[in-house]
Amino acid sequence: MADVFQVRVAVRGYELDLQGHVNQAVYLQYGEHARWQCFLAAGVGPDVLVRAGVGPVVLETTIRYLKELRAGDEVDVTCRFVWGDGKTFRVEQEYTRADGVPVAQVTGVAGLMDRTTRRLVDDPAGRLRELATDPSWLGV
């Protein structure tokens, strides 16, 4: 099993709201970026997914804010997939400032959609395992 995947993101000025902290929607963008980087590390880029006729879909997301992120901060965003037996899986992400202070937790439910039938595939972990060159990053 690979270590927990992590990517560092620098806060950009245009991502701030009137209070001077990162806008809530940007946290979702950071999480999406980390998930795609994790997929790429596993060898499952968009081209691979398109050829296979599948794509990841987010079904539910919860953000828990712990501390502010402000201009000039850098944040490490982790990505961990938790697999079960059904068509969906959990995604757990921790956001930690470069100085070690936890700033947010994002959890979600996702699935892998068949792009032709527009339905979730029965075994998303198995399907991704087949497609990946290094499935350990995906926890499969």
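Here are a few friendly notes on the cysteines and aromatic rings of this predicted model.

1. Let me start with the cysteines. Searching the whole structure turns up 0 disulfides. Cysteine 38 takes part in none, and the nearest cysteine sulfur to it belongs to cysteine 79, 4.3 Å away. That distance is too far for a bond, because a disulfide needs the two sulfur atoms within 2.5 Å.

2. Are these two cysteines buried or exposed? Cysteine 38 counts as buried, at 0% relative accessibility, and cysteine 79 also counts as buried, at 2%.

3. On to the rings: the count comes to 8 aromatic pairs. One of them joins phenylalanine 5 and tryptophan 137, whose ring centres are 5.7 Å apart with planes at 90°, so this pair is edge-to-face. It links distant parts of the chain, 132 residues apart: phenylalanine 5 lies in strand E1 (residues 5–10), and tryptophan 137 in the segment after helix H3 (124–131). Phenylalanine 5 is buried, with a relative accessible area of 11%, whereas tryptophan 137 is partly exposed at 26%.

4. Tyrosine 27 and tyrosine 65 make another edge-to-face pair, with ring centres 5.0 Å apart and planes at 80°. Here too the pair links distant parts of the chain, with tyrosine 27 in helix H1 (residues 24–41) and tyrosine 65 in strand E2 (residues 54–65), 38 residues apart. Tyrosine 27 is buried at 3% relative accessibility, while tyrosine 65 is partly exposed at 42%.

5. Finally, do have a look at the aromatic cluster formed by Trp36, Phe39, Phe81, Trp83 and Phe89.

Key
Residues numbered from 1 in each chain as written. Predicted model: local features only at pLDDT ≥ 70, side-chain atom pairs only at ≥ 80, totals over all residues. Heavy atoms only, no water. Buried < 20%, exposed > 50% of the residue type's maximum accessible area, 1.4 Å probe, protein only. Phe/Tyr/Trp six-rings, centres within 6.5 Å; stacked < 30°, edge-to-face > 60°. Helix = DSSP H or I, 4+ residues; strand = E, 2+ residues; numbered from the N terminus.
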